[in-house]
Amino acid sequence: MNVRTVPCLTDNYAYLLVQDGHAVVVDPSEAAPVLAALDGLVLDAIWCTHHHWDHVGGIPALLAHRAVPVVGSRYDLEHGRIDGQTAGVGAGDTVRFGSHVARVHTIPGHTLGAIAFEIDGGLYPGDTLFVGGCGRVFEGTMAQMRGSLATLRALDPALRVWCGHEYTVKNLEFAESLAPEPEVVERLADMRAVRARGEPTVGRPLAAELATNPFVRWDAPPVAAAAARLGADPADPDAVFAALREAKDRW
Ligand code: ZN
Ligand code: FE
């Protein structure tokens, strides 16, 4: 299986998972760039990490191109939040594509119906985990979001993170403002260089998030110390996470 990154809208990414002339699309923000990227591949299914318009907006036009299953969370199916959704999945469920099986993780916080797909060495967390950051907490609680990030950070550190937006440089600038650790400073320089070449920063190992992303490092001393300066109890993971997320909202 290989992965094609499909830039959409201003800073969104959809992904084509490709095997043997067939494809699944993850989070089709809009149809035109996805149809162009298909380039003769047969679309087998649409997988959605959450119901926000900038992740599902292309579904009606893709279904007009070819009627395929639309997989999202059980929550979003029950609430009718994704146009054309045919299947609702949650933690422990699997979804097949070709010879591969995706594991589903339930990760509420950004939205209550957020899920991640894990397949063939790749993790598709939508807007919950970004390279260097995390999504805003729109529907869940801060504790739910931290719990969801705890679920993701416990996965295989070799997994490549294919997230929903190109926010990496801004995220790492925020991380550097909290604690200019060498790994963070170096990664920020690397990612600025990647962007200067016009390339996406996504598809990098989860291990790099564990070393540089403050939103999965509530128990790392420099990050907890930064949260303490913001008024949080550094020994309370939920308080540390909430202080960082609120600071980022204002940043
Ligand atoms: Zn979103
Ligand atoms: Fe989004």
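Glu181 is buried, with a relative accessible area of 13%; buried means under 20% relative accessible area, exposed over 50%, and partly exposed in between (1.4 Å probe, protein chains only). Arg217 also counts as buried, at 9% relative accessibility. The two form a salt bridge, with the closest N and O atoms 2.8 Å apart. A salt bridge here is a side-chain nitrogen of Lys or Arg within 4 Å of a carboxyl oxygen of Asp or Glu. Glu181 sits in the loop between helix 6 (168-178) and helix 7 (182-196), and Arg217 in the loop between helix 8 (206-212) and helix 9 (221-229). The pair is 36 residues apart and links distant parts of the chain. Helices (H or I, at least four residues) and strands (E, at least two) are DSSP runs, numbered from the N terminus.

This is a predicted model: local features need pLDDT of at least 70, side-chain atom pairs count only at pLDDT 80 or more, and totals for chains, interfaces and linings use all residues. Residues are numbered from 1 along each chain as its sequence is written, chains are lettered from A and ligands numbered from 1 in the order in which they are written, and side-chain values use heavy atoms, with hydrogens and water left out.

The structure holds 13 salt bridges. One of them joins the side chains of Arg136 and Asp249, at 3.5 Å, N to O. Arg136 lies in the loop between strand 12 (133-134) and helix 5 (142-153) and Asp249 in helix 10 (residues 237-250), so the pair ties together parts 113 residues apart in sequence. Arg136 is partly exposed, at 40%. Asp249 is partly exposed too, at 31%.

Another links Glu118 and Arg103, at 3.0 Å, N to O. Glu118 belongs to strand 9 (residues 115-119) and Arg103 to strand 8 (residues 100-106), 15 residues apart. Glu118 is buried, at 13%, whereas Arg103 is partly exposed, at 44%.

Now the metals. His50 (NE2), His52 (ND1), His110 (NE2) and Asp127 (OD) coordinate the zinc ion (ligand 1) at 2.2 to 2.3 Å. Donors are N, O and S atoms within 2.8 Å of the metal (3.2 Å for Na, K and Ca); water is not among the atoms, so sites may look incomplete. Along the chain, the zinc donors follow the spacing H-x1-H-x57-H-x16-D. His50 and His52 are both buried. The iron ion (ligand 2) lies 3.3 Å from the zinc ion (ligand 1), and Asp127 coordinates both.
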